Amino acid sequence: MCYKSPPGVTAVREVFEETGVRSEFRSLLSIRQQHQHPGAFGMSDMYIICRLSPLTYDINFCTHECLRCEWLHVGELTETSSTTPITSRVARLLLHGLEQGFDKIDLTMEELPAVYSGMFYQLYHRQLPAKS
């Protein structure tokens, strides 16, 4: 996947293309990065995980991209042994956000002006505590 648009825009588009579910970008949760990944053509492999909110719930998945597609409670993903370590870890992170507040886990996006180009860039970061 080539990132010529912000990760949130790309995630929303990919979720719709692969599942038929319309969604809204909420935050960036984490990034997995790996050098020398097999099949990455000698390049770094980056896997960006976003938190989205569904706008529709009917699933009409792409059979070329997915073998199976269904809604699960995030708690099920933390307890199953039939998932990947990254999925289990992100599910635990999401559960923590549900219980303690997403402000504890989200990397939010702020658009800032680029100094030299006159364009804008997206900065993903944890929010600073409010000044008292």
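Modeller: Let us begin with a definition: two residues are in contact when heavy atoms lie within 4.5 Å. Helices (H or I, at least four residues) and strands (E, at least two) are DSSP runs, numbered from the N terminus. This is a predicted model, in which local features need pLDDT of at least 70 and side-chain atom pairs count only at pLDDT 80 or more, while totals for chains, interfaces and linings use all residues. Residues are numbered from 1 along each chain as its sequence is written, and side-chain values use heavy atoms, with hydrogens and water left out.

Biologist: How many helices and strands does the chain have, and in what order do the elements run?

Modeller: The chain has three helices and four strands. Starting at the N terminus, their order is α-β-β-α-α-β-β.

Biologist: Which residues of α1 are buried, and which strands do they pack against?

Modeller: Here is the general idea. An α-helix has 3.6 residues a turn, so residues three or four places apart point the same way. In this structure, α1 covers residues 7-19, and its 13 residues reach 18 Å from the first C-alpha to the last, close to the 18 Å expected at 1.5 Å a residue. That expected span is 1.5 Å times one less than the number of residues. Pro7, Gly8, Thr10, Ala11, Glu14 and Thr19 are the buried residues of α1. Viewed down the axis of α1, they fall within an arc of 155°, so they line one face of the helix. The arc is that of the directions from the helix axis to the C-beta atoms. These buried residues pack against β1 (23-34), β2 (45-54) and β4 (120-125). Just after α1, Gly20 has a positive phi of about 80°.

Biologist: Why does Ile105 count as buried?

Modeller: Ile105 counts as buried because its relative accessibility is 7%. Ile105 sits in the loop between α3 (85-100) and β3 (108-113). Apart from neighbours within four places in sequence, Ile105 touches Leu29, Leu93, Leu94, His96, Gly97 and Arg126.

Biologist: How far apart are Ile105 and Leu29 in sequence and in space?

Modeller: Ile105 and Leu29 are 76 residues apart in sequence, and their C-alpha atoms are 6.8 Å apart in space.

Conventions. Buried < 20%, exposed > 50% of the residue type's maximum accessible area, 1.4 Å probe, protein only.
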